[in-house]
Amino acid sequence: MAVTLDPRLSLVASFVRQGSVVADIGTDHAYLPVYLVQTGRCPRAVASDLRMGPLQNAKQTVAEHGLCDKIDTVLSDGLDALDAHCADDVVLAGMGGILIAELLSRAAWLRDPTVRVIAQPMSHAEDVRLWLYENGFSIDREACAFDKHHGYAAIAAHYTGETAAITPALPYGGLLFEEKDEAAARYLERQKQRLEKRRNALLQAGTDPAETARLTAILNDFERRNHPTC
Ligand SMILES: C[S@@+](CC[C@H](N)C(=O)[O-])C[C@H]1O[C@@H](n2cnc3c(N)ncnc32)[C@H](O)[C@@H]1O
């Protein structure tokens, strides 16, 4: 039976390059790699997870779909136990942004221009973008999917060795600032509202002027990006 993906994982799947070997880090049930191999987008895959329970789920899904010869399952903290260059496209989806950034920082072989990194953070997406910008990666593509009113960003990047100029709001929206679709606009609006809420609470409390100023600079940059002529 064919695996179907929810809108969030469908978006992530669409970022995986046709013909690439994919590694799915934090795979849990391995729905993504099974889908990618089943649909012929990827000839092979590695499905890895930190914990034995999720890895057993992955093994079961892979076996049920008769893909044991095409999908390897690996117990691994991030990419630590994976062979360097075992994949062309590396997916880190469904985890927090701070964790994703940390896992990326530990895998030196990702600093190869031919490797595509695909991140789908559930929170703190700004930490992932910031890590990529500060560590010589170029963000090539971003898009959002909404599911049950929650917006998820997917980010595809590759290593160039060049660091980008980072304005205050850039980590909060990345390439989505250049997207004109409704999902990107909704995602950015929510980011802005979240920042405004925090800034206003701090303003009222008067407890942390440095953080208040930082948030204000980010919000001003959001405004500039929304109204570039101002
Ligand atoms: C919410 S699930 C996401 C599953 C799937 N990637 C998705 O997007 O639907 C998060 C998974 O990440 C795994 N995980 C958490 N920390 C990890 C780490 N350091 N290395 C590898 N996997 C990790 C968890 O065990 C869990 O199975």
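**Entry 1: the shell around the ligand.** I looked up which element contributes most to the shell around the ligand, and found that β4 does, with three residues. I note that the model is a predicted one. I recorded 17 residues surrounding the ligand, with R8, G26, D49, D77 and G78 as the closest. Sorted by class, the shell holds seven nonpolar, five polar and five charged residues.

**Entry 2: polar atoms at the ligand.** I next turned to individual atom pairs. For D77, I found a side-chain N or O atom 2.8 Å from a nitrogen atom of the ligand. For G78, a backbone N or O atom lies 2.8 Å from a nitrogen atom of the ligand. For R51, I noted a polar side-chain atom 3.3 Å from an oxygen atom of the ligand. I then looked up the area: the ligand taken alone exposes 600 Å², of which the protein buries 81%. I also listed the elements giving two or more residues to the shell, namely α1 (7-15), β4 (89-95) and α4 (97-105).

**Entry 3: the sheet.** I traced an open sheet of seven strands with mixed pairing, in the order β3-β2-β1-β4-β5-β7-β6. I marked β3 (71-75) and β6 (137-147) as the edges; each has a single partner strand, so one side of each lacks a neighbour in the sheet. On average, neighbouring strands are turned by 15 degrees against each other, direction ignored.

**Entry 4: β5, β7 and α1.** I examined the antiparallel pair of β5 (residues 116-121) and β7 (residues 150-159), which three bridges join. Within β7, I identified A156 as the bridge partner of I118. Finally, I found α1 lying across β4, β5, β6 and β7, at about 155 degrees to β6.

Key
Residues numbered from 1 in each chain as written. Predicted model: local features only at pLDDT ≥ 70, side-chain atom pairs only at ≥ 80, totals over all residues. Heavy atoms only, no water. Near = heavy atom within 4 Å. Polar contact = N/O pair within 3.5 Å; in protein donor to acceptor, adjacent residues only side chain to side chain. Areas by Shrake-Rupley, 256 points an atom, 1.4 Å probe, with all protein chains shown as cover. Helix = DSSP H or I, 4+ residues; strand = E, 2+ residues; numbered from the N terminus. Nonpolar A, V, L, I, M, F, W, Y, C, P; charged D, E, K, R; others polar. Pairing = 2+ DSSP bridges. Axes fitted to C-alpha atoms, helices over the stretch in contact; angles between N-to-C directions. Contact = heavy atoms within 4.5 Å.
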